[in-house]
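Hi there,

Here is the structure I promised to pass on. My notes on the ligand site follow below it.

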Amino acid sequence: MATTYAGAEHRGSGGVDLSPLLSEDEALILQTVKKAAAEKIAPRAAEIDELDTFPADLFDLFRELGLFGLPVPEEYGGVGARTILFCKVIEEIAAVSLSAANILTQQTFGIQFLLTAGNEEQKKRFLPGLASGELHGAGAITEPEAGSDQEPMRTTALVDGDQYVLNGNKCFITWANIADVMTVFAKTQPELGRRGISAILFERGTPGMRIGRLEKKMGLRGSPTAEVVFENCRVPRSNLLGAEGDGFKIAMKSLNHGRLAIAALAIGLAQGALDYAWSYAKNRVQFGHAVSEFQGLRFLVAERATEIEAARSLAYRAGMEYDVKGPALPKLAAMTKLFATDVAMRVTVDAVQLLGGYGYTREYPVERMMRDAKILQIVEGTNQIQKVVISNHL
Ligand SMILES: Cc1cc2nc3c(=O)[nH]c(=O)nc-3n(C[C@H](O)[C@H](O)[C@H](O)COP(=O)(O)OP(=O)(O)OC[C@H]3O[C@@H](n4cnc5c(N)ncnc54)[C@H](O)[C@@H]3O)c2cc1C
């Protein structure tokens, strides 16, 4: 269903016909998501950006639609969907609101650490709640001095009897203030540097944790990003994911899926921005013609549309590699994240240009889309770090 936004038509992520790629059941899920995106999410997009408060109603909507269970195997209360469907669902939502789609990718970010390294007891304890949306998930890796490089991480988790005692500061942690379960990365053996990092499940309400500053961001508004302080927080040793010292490996492995999710956000956002801008250009008359008739703009849009399809093909290829647990996943996930997010940045900048002065105002969604695109080049490893990863695999 088409949605009208300030005079131009918005078609969601439209584009390719996926029927040969999706089963009937998968197509049905996607259809439901498309409808919800047009009817319930698109009308909220500008408001979420303006108010910058967490859209709990959309979290509830995704819970009702059963979307949090998509990447979770059936034995833990999920759907066990193929990654292509997961990506496609994110694309559809991101085409109308990146902040809304990020709800789904953020919950999956929390889920991935458990899928990667949780033991049976931990998975049974937390995954059904995360899959149903009863619980909110998060992951805390970044610190003021440990961004792209985790070696200087200062947060420690030292053993005291059958507990870890957590001390340290994390920054830029998405949903830190609302997460029920957060995987915290901390050094259990500080003298070992990166090899001394462990991943520990941290539950809401544990004494000694407090939320610091909430960041005021350029885009991705409505997704709370906060500092976290741990002061002598006691966590049972049974909350350790994997073995002590596995933290870095767990983070890297989990990020493979996270990078695909970020790419899907980027592809959806880019498609949404291009569809909107092109639709506008078809209706904007200058020099006696719709501006979409000028070859300068037609070639621009042809190039950007081609890039979006290329990013989409790469994402589906990487998604297949994830599903079969193929060895090329780290390289493909990094390539996909790098390429798709750079495409989203280019497309959204050009979408503003296509609308001329109107594109620069908050009356039209492309201004928000351009601000939103920037974060995708930074999170889950900056795009420079993706190049480090890719070159290391060549
Ligand atoms: C909105 C938002 C949400 C976030 N959510 C989370 C979250 O939920 N959990 C979490 O743990 N973190 C989160 N982060 C943190 C994010 O992952 C980091 O910001 C990111 O990894 C980069 O780290 P940094 O900001 O310290 O940049 P730095 O590492 O200081 O990088 C600065 C610049 O140097 C470049 N650079 C660094 N190393 C190299 C290199 N080897 N080669 C070439 N260039 C290099 C970078 O690409 C960048 O351009 C979030 C950040 C934001 C802004």
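Which residue has a polar backbone atom 2.8 Å from an oxygen atom of the ligand? That is Ile141, in a polar contact, meaning a pair of N or O atoms within 3.5 Å. Please bear in mind that this is a predicted model, where local features need pLDDT of at least 70, side-chain atom pairs count only at pLDDT 80 or more, and totals for chains, interfaces and linings use all residues. Residues are numbered from 1 along each chain as its sequence is written, and side-chain values use heavy atoms, with hydrogens and water left out.

An N or O atom in the side chain of Thr142 is 2.6 Å from a nitrogen atom of the ligand. For Phe172, a backbone N or O atom lies 2.9 Å from a ligand nitrogen. The protein buries 64% of the 970 Å² that the ligand exposes when taken alone (accessible areas by the Shrake-Rupley method with a 1.4 Å probe).

Around the ligand there are 18 residues (near means a heavy atom within 4 Å). Thr142, Ser148, Phe172, Thr382 and Gln384 come nearest. By type, the shell splits into nine nonpolar, eight polar and one charged residue, with Gly counted as polar.

Domain 2 (137-247) and domain 3 (248-392) each supply at least three residues to this shell; the domain bounds come from an automatic or database assignment. β5 gives the most, with three residues (strands are DSSP runs of E, at least two residues, numbered from the N terminus).

Notes:
A polar contact is a pair of N or O atoms within 3.5 Å; within protein, one must be able to donate a hydrogen and the other to accept it, and residues adjacent in sequence count only if both atoms are side-chain atoms. Helices (H or I, at least four residues) and strands (E, at least two) are DSSP runs, numbered from the N terminus.
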